[in-house]
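Please look over the model below.

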Amino acid sequence: MKTSIACIAFNDKKVLIAHRNPTGQMGGRWEFPGGKVEEGESEEDAVVREFEEEFGVKVSVEKMIAETTFKHNGAERLLHAYLIDVPHDGMAEKYVLSEHTEYRWAEIAEIPTLNFVDSDLLIYSQVAKYLADSIPD
């Protein structure tokens, strides 16, 4: 079964989300950054590669915090979400986008109200629980 990864970055109880370019199957929707694991590539290497390709910065991978399965074009896929450290928040020094029109730091509670990609909504509750359990008030 093929695997996709989602990159989860937290900053002051907010999570990094990105708005996809308007083309393609999931065009114009919000998502956690990420993509497909290529053949022969580790999931951690895919996280670093995808974030660098999509945002122009090198991240470090902490650990997997959520997982699910979903169907993509009729095929079952794994989705693993990895907690990452970003070198900066992308505000004063902007990220260089290649697959998205914009990004922002969102309150975790607002994600279900956005036009979010279906597969990422499947890991939403796990990501929200991790945030609630890991970051003190």
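Which element gives the most to the lining of the largest pocket? It is α2, with four residues. This is a predicted model, where local features need pLDDT of at least 70, side-chain atom pairs count only at pLDDT 80 or more, and totals for chains, interfaces and linings use all residues. Residues are numbered from 1 along each chain as its sequence is written, and side-chain values use heavy atoms, leaving out hydrogens and water.

The largest pocket holds about 540 Å³ of space. Its lining has 25 residues; closest to the centre are Arg-20, Met-26, Glu-31, Lys-36 and Ser-119. A pocket here is an open set of points on a 1 Å grid over the protein atoms alone, where a 1.4 Å probe fits, with protein on both sides within 12 Å along at least five of seven lines; lining residues have an atom within 4 Å of a point. Volume is the space filled by probe spheres set on the points. By class, the lining has nine nonpolar, six polar and ten charged residues.

Now the sheet. Four strands form an open, mixed sheet in the order β5-β1-β7-β6. Strands are DSSP E runs of at least two residues; helices are H or I runs of at least four. Strands pair if DSSP finds at least two bridges between them. β6 and β7 pair antiparallel over eleven bridges.

Angles run from 0 to 180 degrees between N-to-C directions of lines fitted to C-alpha atoms, for helices over the stretch in contact.

| Helix | Strands touched | Angle |
|---|---|---|
| α1 | β1, β5, β6 and β7 | about 60° with β1 |
| α2 | β1, β6 and β7 | about 145° with β6 |

Methods
Ala, Val, Leu, Ile, Met, Phe, Trp, Tyr, Cys and Pro count as nonpolar, Asp, Glu, Lys and Arg as charged, and the others, Gly among them, as polar. Contact means heavy atoms within 4.5 Å.
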